[in-house]
Amino acid sequence: MTNVFCPMIELGAIIPGVVLAYFPIKKHLKLSKLRLFPVMILSLVCLCTLCGFVCYRYNLKSFVLAIPIVLALSAAYCCSLKTSMWKSVSVLLAVCGVFACIASITRAVDSITFPQNTTPWFEIKSAVLFNILCWMFVILAWYPATHGVSELLDDENIAQTWYVFWILPIVFIGLNLFMIPNNRQTLYTGRILQGYIIISLALLLLLAWFIAIFLVMANNLNRNARLQQENHFLSMQRERYENLKTAIEDARQARHDMRHHFNQISALAESGQWDQIKEYISGAVERIPNLDVHFCENRAADSVIGYYCALARREGIPFQAQAALPLPMADG
């Protein structure tokens, strides 16, 4: 009778996998966590129970139903998030890769502990061990997932990195699936079982190491991207400052020349030379510098617009901007 629970418990390892997948990306949920997680956990328990019973009834290997279940849950997972598809799929593949390695380790332990097992799933003790190992990894990965990985997912500077990360977990998932023996007795031939244990442990450690290396590399690239953005913004502010200095100097010169203009206009008016006055005023107006260098009250936006305005004027490119951004609200 206990055999009926073996595939159910074995498939129950999907639950910690789903929980781990939501850890780093919970800020991007489309639904409230209070509404999503209770329904999700209850649905997963019912689904694993039903599929486990089907495996028992028809003597099927659990991963035969686990694959379509994971594919369906993956589609639901991506639909429940507001982040990019590449990031969502990469997180899913990383979790699947780790759990595939844990399954291989459990398979090796089950083969050592229960050599007489002829069922296509784990013995109940091995199935419980499988779930325990999965939940232990979830606990160990909680802090890095909710801090380091979460911060990386929130940062948009390095979205292109996620286009290549998926290759890594797919390779490890493929290796673990390839290692599943068609005939359980194959593991007891020579030293295959010892090698199977060592390879399973090595794959898990290598995958964890590669993921850690990726996170460190991605964080460094993010930091460099932010520094480049800051340097570019500082250069724009410096250019803007130089333009303001030039405008202020032109205004000072214009005020200095104002008395001369008034004296000249007064002399022409006394002699009744009205046409010369109009011509003089027209020429003086053309020589007045354009001091329209202020676009909006938001200093950051004003600096950016002013930078490109000066760049366009320098290259002789027509430039027109209209901005209505208020001052940023003070904190508190």
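Author: What follows concerns a predicted model, and each label is set against the cut-off behind it.

Reader: What makes α5 roughly antiparallel to α6?

Author: The axes of helix α5 (residues 85-113) and helix α6 (residues 124-154) come within 10 Å and cross at roughly 155°. Angles over 145 degrees count as roughly antiparallel, and therefore α5 is described as roughly antiparallel to α6. The crossing of these two helices, α5 and α6, is right-handed.

Reader: Which residues of α5 and α6 make the contact, and how do they divide into nonpolar, polar and charged?

Author: On the α5 side the contact includes Lys-87, Val-91, Val-98, Phe-99, Ile-102 and Asp-110, while α6 contributes, among others, Ser-126, Leu-129, Phe-130, Cys-134, Phe-137 and Leu-153. The residues of this contact between α5 and α6 divide into 14 nonpolar, two polar and two charged.

Reader: Why does Lys-27 count as exposed?

Author: Its relative accessibility is 58%, and because exposed means over 50%, Lys-27 falls in that class. Lys-27 lies in the loop between α2 (14-22) and α3 (33-58), and, leaving aside residues up to four places away in sequence, Lys-27 touches Ser-150 and Asp-154. Lys-27 and Ser-150 are 123 residues apart in sequence, whereas their C-alpha atoms are 8.4 Å apart in space.

Reader: How do you know that the sulfur of Cys-48 is too far from the closest cysteine sulfur for a bond?

Author: A disulfide is a covalent bond between the sulfur atoms of two cysteines. The closest cysteine sulfur to that of Cys-48 belongs to Cys-51 and is 7.0 Å away, which is too far for a bond because the pair would have to lie within 2.5 Å. Cys-51 is likewise in no disulfide, since the nearest cysteine sulfur, that of Cys-55, is 6.9 Å away. By this rule the count comes to zero disulfides.

Reader: Why are Cys-48 and Cys-51 called buried?

Author: Buried means under 20% relative accessible area; Cys-48, with 4%, is therefore buried, and Cys-51, with 12%, is therefore buried as well.

Reader: What makes Val-54 partly exposed?

Author: The relative accessibility of Val-54 is 27%, and because this value lies between the limits of 20% and 50%, Val-54 counts as partly exposed. Val-54 has its place in helix α3 and touches Leu-60 and Leu-65, not counting residues up to four places away in sequence.

How values were computed
Residues numbered from 1 in each chain as written. Predicted model: local features only at pLDDT ≥ 70, side-chain atom pairs only at ≥ 80, totals over all residues. Heavy atoms only, no water. Axes fitted to C-alpha atoms, helices over the stretch in contact; angles between N-to-C directions. Helix = DSSP H or I, 4+ residues; strand = E, 2+ residues; numbered from the N terminus. Parallel < 35°, antiparallel > 145°, perpendicular 65-115°, else oblique. Left-handed = near helix turned anticlockwise from the far one by under 90°. Contact = heavy atoms within 4.5 Å. Nonpolar A, V, L, I, M, F, W, Y, C, P; charged D, E, K, R; others polar. Buried < 20%, exposed > 50% of the residue type's maximum accessible area, 1.4 Å probe, protein only.
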